[in-house]
Amino acid sequence: MWDPVIGLEIHVQLNTKSKIFSPASTDFGSDQNTQACAIDLGMPGVLPVLNEEAVKMAIKFGLAIGANISDNSIFARKNYFYPDLPKGYQISQYEIPIVEGGSINIIIDGQTKTINITRAHLEEDAGKSIHDLYPNETAIDLNRAGTPLIEIVSEPEMKSAAEAVQYLKNIHSLVRYLGISDGNMQEGSFRCDANISLMKKGSEVLGTRAEIKNINSFKFVENAINHEIQRQSDILDNGDNVKQETRLYDPSKDETRSMRSKEEANDYRYFPDPDLLPVSITSKLIEDIKSNMPELPSTKKDRFKAQYKLNDYDIDILTNNRELSEYFEKTIEGTDLNAKTTANWIITEVLALANKKNIGVSEYPVSYKNLKNLLSNVQSEVISSKQAKDVFERMWNNGEDAQYIIENEGMKQISDTDELNKIVDNIIKNNYKSVEEYQNGKDKLLGFFVGQVMKETKGKGNPKLINEILKVKLKK
Amino acid sequence: MDKKTIIKIANLAKLEIKDDKLNDIASSLEKILNLVDEMNGVNTDDVTPMSHPLNLKQELRKDEVKEANQRDLFQKDNENTDNGYYKVPKIID
């Protein structure tokens with residue numbers, strides 16, 4: 001009966017060293033209020049000066065989504081009162097944002113869909129309110145105040161929570177590829193607001209929307225949107241009207257609730273900030289940034305398909321994270337390692353241990369060089385893939401390298417044909433009856449012989465080689 | 001200008017306005033709006049729009065940290081601080 005219409009506003013903290021309008025540090029987790037300087041505090045007489053790097057990062061993002069970069073971008077004051085906003089206004093952009101237009105592709109059920117982006121503008125982040133520190137007061141930490149953000153506003157073109165999450169994931173992957181944000185959702189470097197309304201099936205008229213604020217995980221975005229779609233359709237099914245309002249998602253209860261205080265404040269009275277002049281962006285600067293763009297996720301996906309012949313599932317996992325895709329490529333680089341085997345190893349073994357400890361690629365205790373060595377030993381059948389899994393766990397847990405473990409544990413597979421021939425001869429001699437049965441057509445007995453050889457070699461015989469030798473010798 | 005609009009603007013600006021002042025303020029604001037209307041009547045077809053009175057471009061700053069921690073100085077004259085935090089009346093939403 002109802003079709004959801006979803007638009008997202010994504011706030012991305014840019015990873016500059018200093019703030020957008022002041023030379024105070026942006027480090028996360030410092031002692032409260034030690035990184036809030038006079039400009040961030042909105043002391044009288046201070047002037048904001050725009051950070052060059054923040055501008056460049058915004059341009060980089062704009063170029064990556066094929067947007068227009070404005071050569072005469074202006075800053076505006078967004079006025080509202082809240083204790084974590086010391087000036088009583090947030091410096092943001094309203095008319096002429098730095099990035100206008102552009103789009104990003106998502107893949108939903110195997111189909112490519114383009115999501116258009118309205119704009120992306122630069123602005124400063126607010127401080128933090130901490131409500132549970134004092135019984136009757138709110139504590140304010142202004143370290144975050146003035147941290148540069150880009151706010152990326154999509155067109156209302158997503159039709160389901162799944163599409164919205166896919167779009168969000170693609171933007172998340174993109175900003176990390178570009179190196180303009182760490183994308184850390186727990187620390188609030190990447191968060192989003194969702195605008196949701198329902199439209200009668202077949203209609204062209206948009207319904208009244210509700211905005212859900214500040215959702216900071218992919219799972220919560222999905223839950224919040226699904227919950228909100230259900231809530232609105234219940235209201236509309238009853239013949240009632242959805243109220244235009246701001247709502248907050250509460251993950252502990254899996255519900256959204258109205259934020260009453262925001263109702264009045266939604267009149268921000270934007271006007272151009274007289275403290276800041278229009279920003280001129282030269283075509284030379286744009287060209288410089290263009291020529292230094294890294295390979296983007298969509299290009300890398302296509303290349304992985306052509307170069308490594310991997311399936312979409314593997315490619316998705318490997319390329320969503322730039323560091324992981326580089327780990328894969330460095331492991332395989334300069335070797336004849338099988339791409340699919342290497343991908344499987346990283347996706348199943350490496351990621352399983354990494355996810356258990358919740359660590360990123362830069363913290364992996366097994367370097368790509370060490371993994372390369374291990375996998376080469378498997379491919380050349382020095383050790384079996386089963387042994388390799390044990391070796392890998394030791395490498396991961398104790399930091400030992402592959403070669404050391406293989407040599408010191410006597411793990412090397414017996415791939416010496418002469419040695420195996422001798423063992424096989426002995427077994428044939430001692431199991432004359434079984435040999436006769438095999439030669440009379442009881443093929444299943446091959447497994448018995450393999451087992452005997454394995455027993456003799458204490459499990460170290462190369463199974464492939466043993467099979468080959470047995471088949472030849474048993475024929476006679 | 002009606003009273004409701006004035007009260008709304010005052011609320012947004014966190015200003016308290018006594019009832020007996022509303023008429024005065026209404027007529028002052030109307031004068032300002034009339035002036036704006038008068039300006040709107042000027043023909044500006046040949047004038048390039050501008051967002052700033054100075055015909056200059058923004059200078060950009062290098063991305064360098066140059067501010068040291070001066071929390072003690074900033075909080076010296078503020079009684080509503082504790083353990084480095086600023087404290088305000090409880091606001092939750």
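In chain A, Arg119(A) stands opposite Val153(A) of strand β11(A). This is a predicted model, in which local features need pLDDT of at least 70 and side-chain atom pairs count only at pLDDT 80 or more, while totals for chains, interfaces and linings use all residues. Residues are numbered from 1 along each chain as its sequence is written, and chains are lettered from A and ligands numbered from 1 in the order in which they are written.

**The strands around β8(A)**

Let's stay with that pair of strands for a moment. β8(A) and β11 (residues 148-154) of chain A run antiparallel and are joined by seven bridges. Strands here are DSSP E runs of at least two residues, and helices are H or I runs of at least four, both numbered from the N terminus; two strands pair if DSSP finds at least two bridges between them.

**The cores**

Both Val99(A) and Ala120(A) are touched by Phe61(A), whose other contacts include Ile150(A), Val175(A), Leu178(A) and Ile180(A), leaving aside residues up to four places away in sequence. A contact means that the C-beta atoms, placed from the backbone, lie within 7 Å.

Phe61(A) is also among the residues with the most contacts inside the largest nonpolar core, which has 67 residues; Ala58(A), Ile150(A), Ala164(A), Tyr167(A) and Ala194(A) are the others named with it. Such a core is a set of buried Ala, Val, Leu, Ile, Met, Phe, Trp, Tyr and Cys residues joined through C-beta atoms within 7 Å. Helix α2(A) gives the most to this core, with eight residues. A second, separate core has 26 residues, including Leu324(A), Tyr327(A), Val350(A) and Ala388(A). In soluble globular proteins, nonpolar side chains tend to be buried together.

**Domains of chain A**

Chain A is divided into domain 1 (2-288), domain 2 (295-408) and domain 3 (417-475), with bounds that come from an automatic or database domain assignment. The C-alpha centres of domain 1 and domain 2 of chain A lie 36 Å apart. Their contact takes seven residues from domain 1 of chain A and five residues from domain 2 of chain A. On the domain 1 side, helix α2 (residues 161-177) of chain A gives the largest share, five residues. By class, that side divides into three nonpolar, two polar and two charged residues. Here Ala, Val, Leu, Ile, Met, Phe, Trp, Tyr, Cys and Pro count as nonpolar, Asp, Glu, Lys and Arg as charged, and the others, Gly among them, as polar.

**The chains in numbers**

The table sets out some values for each chain. A residue is buried if 20 or more other C-beta atoms lie within 10 Å of its own, exposed if 12 or fewer, and partly exposed in between, with C-beta atoms placed from the backbone.

| Chain | Elements | C-alpha box | Buried |
|---|---|---|---|
| A | 16 helices, 17 strands | roughly 95 × 55 × 55 Å | 37% of 476 residues |
| B | three helices, two strands | roughly 55 × 45 × 25 Å | 4% of 93 residues |

The radius of gyration of chain A is 30 Å, well over the 23 Å that the globule rule gives for 476 residues, so chain A is more spread out than a compact globule. Chain B has 23 Å, whereas a compact globule of 93 residues would have a radius of gyration near 12 Å. The radius is taken over C-alpha atoms, and the rule is 2.2 Å times the number of residues to the power 0.38.

**Where chain B meets chain A**

The contact between the chains takes 31 residues from chain B and 45 residues from chain A. On the chain B side, β2(B) gives the most, with five residues, and that side has 12 nonpolar, seven polar and 12 charged residues. β2(B) also runs antiparallel to strand β10 (residues 137-141) of chain A, joined by four bridges; Thr138(A) stands opposite Val88(B).

Elsewhere in chain B, Asn69(B) lies in the loop between α2 (22-40) and α3. Asn69(B) counts as partly exposed because it has 16 C-beta neighbours inside 10 Å.

Note on methods: Contact = placed C-beta atoms within 7 Å.
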